[in-house]
Amino acid sequence: MQQDKIFADHVSVAYEKDDESLLAVDDVTLSIQEGEFVVIVGPSGCGKTTFMNTLAGLVKPIRGKVFMDGKQITGPSAERGVVFQQFALFPWKTVFENVEFGLKYRGIPKDERREIVRKYIRMVKLEGFENSFPHELSGGMKQRVAIARVYANMPQILLMDEPFGALDAQTRTIMQEDLSEMFMMEKRTVVFITHSVDEAIYLGDRVIIMTARPGKFKKIINVTADCLIPNRRNLGYDDVVNLKAFRDLKRELWGLIKAEIVEKRIL
Amino acid sequence: MSMKAFGPQFLERIYREKVVLSLSSVLGFIFCWYLITDVLGLIPALFLPSPEKVFFTIYEKIFIPVGQSTLFGHVGVSLLRILVGTTIALCLAIPLGILMGWYEDLDSVMTPIIEVLRPIPPIAWIPLAILWFGIGLGSKVFIIGIGVFFPTLINTYMGVKFVDPILIKAAQTLGAKDKDVLREVILPASVPLIVAGIRIGIGLGMMCLVAAEMVAASSGLGFLIMLGGDNLKPELSITGMILIGIMGLLADTLILAVEKKVVYWKKESQNG
């Protein structure tokens, strides 16, 4: 059997708030295969970001272990790139320098770095903005820079924490389409966090529904493997969301999440 | 009204009007001063000399020495003291602030000492400074240095301590090691606060300069101010005060220009 790219083994994660330890993720087990696009969706505050930070190595679990290629994850690494909701660009660096950031630590010579940076700036459609500073860009453009920065650094896994959460609806749709396209071009394993059901179904090969805090996995849906929405990655966002299969799946998922919100009173 | 009224010409006019306003306020101030001294004679010249007497004193002292040197000499000596004091203080405060912000153990060791020393007014150090360094350059540099040191240290420390954690996480997940994070993220991110600290520090340093020169000096602008009082020549004191004011204004303008240059990337409040 092929080894899991990521394997989270009975992982529980807590965080400190007002001197009190809260359980954010409760005994979660998950394996992710190479090249998969996994989306985790759940009500706000359900611990999905905490779980993703654990995969990144930014947070240590209180119980259980996380492995990548069979090796335990003990800290952050360039092998697991992260795209943050708040963009997290270095404001004193230009677009070019931001995208180049990680490559310097990989010991890649300058000429080669320039080629790679150009390639990924082209991929996110920001040619001509190489010398702009982040404060000169719109939110969508900033997130494009952050995505290029992570892709250029050649991580094995991309972790995306509500990357389009801070964007307006129109920009968001365009970004979703472009990300889907990038995913097909650059086959990398992606773990994507969102609270949008539409976004989850549109992008995810596998969609995981989390419960309200403490977060557990409520249901896992194999959108691609079970061929629930055929041919999805070749269609635009608008075409996909109008398919009956999409609407049915959306109704089912939303029902599950709504039940969590109502039941646990996180209104 | 045409759209043109809101174009660049419009802004230019506002700007010009602002300059005119600021200029007239300065002139108006001098005029009132002139009015209550020379014209109406409300205040005797012994208490408040007229503006033309002060301007004449400034002009005269450029050529005729007061004490050991002319006006330029006094300005020069004050400038030298503040430059040396500030330079030494910055060279100590900025590295120490960075290290304290970065190493928690050093923070724990240093913070109690600093928190006790910091509230002591710099001028309270004057007797010890004279005892340790004599009445030469050393004691003034020490007093000014104390004035500049603490605000710069505290701001540098805060700048390092409160860098947006998301930027550190971003750097770490892109493969940066601790020393890379310090050099490539912490330092540039804390520059705005460091510069703000230097600005506060130099302001305080100027006050310390005058205080130190008033107590123990035979040259400098503080000495001039004190000499005017001792000899019942208020115009001499006012001369020193005006020059200190101008020096402070120039220093502040210079720092603001530097700030604009080094924090070119900061626009309102944003995090990349």
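In this predicted model, chain B consists of ten helices and has zero strands. Read from the N terminus on, its elements therefore follow one another as α-α-α-α-α-α-α-α-α-α. The radius of gyration of chain B is 24 Å, whereas the globule rule gives 19 Å for 272 residues; because the value is well over that of the rule, chain B is more spread out than a compact globule. The dimensions of its C-alpha trace, taken along the principal axes, are about 75 × 70 × 30 Å. Of the 272 residues in chain B, 35% are buried. Among the contacts of chain B that link residues at least 6 apart in sequence, 69% are between residues at least 24 apart.

Chain A contains both kinds of element, with eight helices and ten strands. Its radius of gyration is 18 Å, close to the 18 Å that the globule rule gives for 267 residues, so chain A is as compact as a globular protein of that length. Its C-alpha trace extends over about 55 × 45 × 45 Å along the principal axes. Within chain A, 44% of the 267 residues count as buried. When contacts between residues at least 6 apart in sequence are considered, 70% of those in chain A join residues at least 24 apart.

Attention may now turn to one strand of chain A. In a regular strand, the side chains alternate between the two faces of the sheet. A neighbouring element in the pairing is β7 of chain A, residues 157-161, which runs parallel to β6(A) and is joined to it by four bridges. Within this pairing, Val82(A) has Leu159(A) of β7(A) as its bridge partner.

The two chains also meet. How many residues of each chain take part in the contact? On chain A there are 24 residues, in contact with 18 residues of chain B. Two elements of chain A, β6 (80-83) and α2 (95-104), each supply at least two residues of the side that touches chain B. The largest share of that side, three residues, comes from β6(A). Sorted by class, the side of chain A that touches chain B comprises 16 nonpolar, five polar and three charged residues.

Definitions and conventions
Residues are numbered from 1 along each chain as its sequence is written. Chains are lettered from A and ligands numbered from 1 in the order in which they are written. This is a predicted model: local features need pLDDT of at least 70, side-chain atom pairs count only at pLDDT 80 or more; totals for chains, interfaces and linings use all residues. Two residues are in contact if their C-beta atoms, placed from the backbone, lie within 7 Å. Ala, Val, Leu, Ile, Met, Phe, Trp, Tyr, Cys and Pro count as nonpolar, Asp, Glu, Lys and Arg as charged, and the others, Gly among them, as polar. Two strands pair if DSSP finds at least two bridges between them. The radius of gyration is taken over C-alpha atoms; the globule rule is 2.2 Å times the number of residues to the power 0.38. A residue is buried if 20 or more other C-beta atoms lie within 10 Å of its own, exposed if 12 or fewer, and partly exposed in between; C-beta atoms are placed from the backbone.
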